[in-house]
Amino acid sequence: MSFLNGVRSFIVIFNFFCMAFTLILSLIYVIQMFVSLFRVRRDYEKNFSNDYIRYTDSNNLLPISLVIPAFNEQENIVQNVRSLMTINYPEYEIIVVNDGSTDKTGELIINAFEMHMIETSIRYRIPTKNIRGVYYSRKYPNLLYVDKENGGKSDALNAGINISSYPLFTCLDADSRIEKDALLMLSLEFIKDSRTVIAGGIVRIANGSKIVNGEFKGFSMPKKLVERFQIVEYYRSFLSGRVFWSASNSLLVVSGAFGLFRKQTVIDVGGYKTNTIGEDMEIVVRVHRYLRKKKIKYRVIFNELSICWTQGPMSLKDIRSQRRRWQIGLMDTLISHRALTFNPRYGAVGLLSVPYNWIFELFGAVVETIGYFLIPFSLLMGELNMFFFVMYFLLAVMLGIILSEGSLVLEQYTHRATMTAKQSISISIYAILENFGYRQIVSLFRVEGILKYRKLRKTWGKIKRKEFEQ
Amino acid sequence: MRYELLAVIGLIFCLVIIGIEYLFHYRLAELQDEKTINTRQLDQRIKFRVEGIIYAPTDLSRKSEIEALAKDIDNNFETYEKSVSIIENTRDKFDKDDEEYRDLDQLIDRVDEIVDPVSIYASMLDSNDIYHKGYALRRLADLGAEEYRDVMIELSQDKHRDLAYNAAMALAKFGDAENVAAFLLSIQDDRLYSGRIINEFFDDFKGDRVELSRILFENCNPYMMSNIIKAISPYKLEEYHRMFVENSASKSFQIKVASIKALAAFGNPDDEQLLQIAAQDKEWVVRAAAVKGLSLLDSPTALASVKNALRDKEWWVRQTAANALTSMDISPRDLEDILGGYDRFAADAVKSVLYKQIDNLA
């Protein structure tokens, strides 16, 4: 009898814990959103007098190496490189690193850009797998193609860094497109404040949008529900979360699809970690750790005006694979850098950002998911008051809507008419709908990622994405 | 009961926020749509109007078209800029020596006479928005509105840095050495800010750069001094050549590197000995800068030093030397020696440069 009572008490206490946890998390998100609102507004106004186009011929601009790691990217690679050749930046080189593709990635690049192998001296500052050859094209002198043995995305990025000749480098996904002026705006962060070591841009879902040569040409509502939900999700994640963490110089994630790095800093910390699938977060955390330990002043910045478009997964199966991977990457990074947690030596990173990621981003999914099962169960068992349950459920949903809808308002306020009013309002309906099913499913995928951490921590998995229009 | 009441209040509060958000969202979306339509219509109208001006058959009809355009612009700086940009784009399709190019250039002046853009930007100076103000100052300077110089000087001392910066940039376009220097000196202790700003100001400065540098050199700290030397090095200011020579042995590393780079830009044979010494420096940055300078000199000893730098322990110096070597008068025999020699570093560096060069010649 006493055992049963104990279980009952535990369930009741855990229910309250779940509820409190969800409400606190939602409130944190809402606070983030309001802080971001002021910051984005300020940046938007400031950008008015910052006629950045003037900088295209400035001596101040730092040349950039664009590193594109490619593994079996035959569908996108040529088109992506062509699109990068039209960007608005005075001096840059494009380095395509073929990470031992088994398809026609290499062949297509060599033929499309009339490349041939050259002998060159490589400055091996970060160890990588064997580089089989470096290719150069007379017709496109700022393009280099590197053929190497398979070693994973991080290894390909490290090879690109070794080959690169410029002080800044950016890693770009082969299936993403950056806007024409995005690089220019991002590199200004390094000029405005020379302490800047990493600058991340905003990643937007391209599903439904027409992007031609780095220019947005129009939007039509994507057909699938999951694509629509992702549009809302990305606005929320980038416009609220990243702006907020950047403000306190404790941003831990710069998207692998679009980030600009000071090369020397990345070399100083030893380059990208090769045995992880969360290399984009890991490198940022390692840079924070290294520079804070050495007491070097630095900035990790998020610029919401530099835009990169990416095609989001189109099926729940692919979303599952993606979210599992993100969660494993997050877990891997947090475990590797657990010494930072609640460590005052690392300032806001150790005291705020890392604990927040442990508690809310990693275990938050677990608590949320247990709650989805336990709370209705308790209700059925008569352990929970119906009124209380309904109130909690409505509050949780409403806080979620406040956050998503707030991000859409932010987007509407700052952006450049990517959607018509009708489309924008239609999208906002999905800010409500996502709370009934989609959010719960995504939570399950994240928990699955944690449970399968050991098994899947080195598996990337291939996601099927839409192609960009030619 | 208290908790239940609290929950209901919380719920109502959330509903109110969501309602406000949706109203706000709807209004913003509506405004955005209106703006999109208006902009499209205005663009079309301006385009027709400008075409009317460009292709007007008589001077009188051209004048009336310009007056109609002025009405459309209606003191709106964005519309004005759009109109001018259409004319400029049409103008740029012609060669600079063509009559059409000159005609269209004059047309911008005529539009300016009637539209009076100075008054448009001047009205923006009353705005409370410092970014609009800053923008207006820069545009007034572009238009040569000298009458606003006092306002620019006053605002260049403003406590808001962005505004002060824009005002000082406007003064740089007037070539006002004294006030630009005053602004730059006011920020010299902020290393992170002043470092990049100096380049920009020297780039945009329309007055006497020697005078501007003189005022700055007299009053600045060593860090700013090194930045000024770097900023003026592309202009090869003879007046400071002697100073660069003296500072090439400076105890301050930054001043030393900047001075060597500045001297290297001159390509003066009298500096060879100094560059030869710098090419042996313990710091690779100094060695690389010296090698670059030596490559501009047409002498066998300079060539020998650059060849020697191919064996440098630092990759960057070797690569600089290899790049430099291809622009020097090197004999095929020497090249053969390097490429077929035992020094792998030297051979690799030269090969990587030559592959690209030969490719480009093909």
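Author: The model is a predicted one. In chain A, 10 strands form an open sheet, and their pairing is mixed. Read across the sheet, the strands come in the order 3-4-5-2-1-6-11-8-12-7. At the edges are strand 3 (116–118) and strand 7 (176–178) of chain A, each of which pairs on one side only. On average, and with direction ignored, neighbouring strands of this sheet are turned by 30° against each other.

One pair of neighbours may be examined in detail. Strand 8 (residues 196–205) of chain A and strand 12 (residues 299–310) of chain A run parallel and are joined by 9 bridges. Within this pairing, Gly200(A) has Phe302(A) of strand 12 as its bridge partner.

A helix accompanies these two strands. Helix 6 (residues 225–247) of chain A lies across both strand 8 and strand 12 of chain A. The helix runs at about 160° to strand 12 of chain A.

Beyond this helix comes a loop, situated between helix 6 and strand 11 (258–262) of chain A, and Asn249(A) has its place there. The phi angle of Asn249(A) is near 50°, which is a positive value in a residue other than glycine. Is Asn249(A) buried or exposed? Its relative accessible area is 10%, and because buried means under 20%, Asn249(A) counts as buried.

Conventions
Residues are numbered from 1 along each chain as its sequence is written. Chains are lettered from A and ligands numbered from 1 in the order in which they are written. This is a predicted model: local features need pLDDT of at least 70, side-chain atom pairs count only at pLDDT 80 or more; totals for chains, interfaces and linings use all residues. Side-chain values use heavy atoms; hydrogens and water are left out. Two strands pair if DSSP finds at least two bridges between them. Helices (H or I, at least four residues) and strands (E, at least two) are DSSP runs, numbered from the N terminus. Axes are lines fitted to C-alpha atoms, for helices over the stretch in contact, and angles run from 0 to 180 degrees between N-to-C directions. Contact means heavy atoms within 4.5 Å. Buried means under 20% relative accessible area, exposed over 50%, partly exposed in between (1.4 Å probe, protein chains only).
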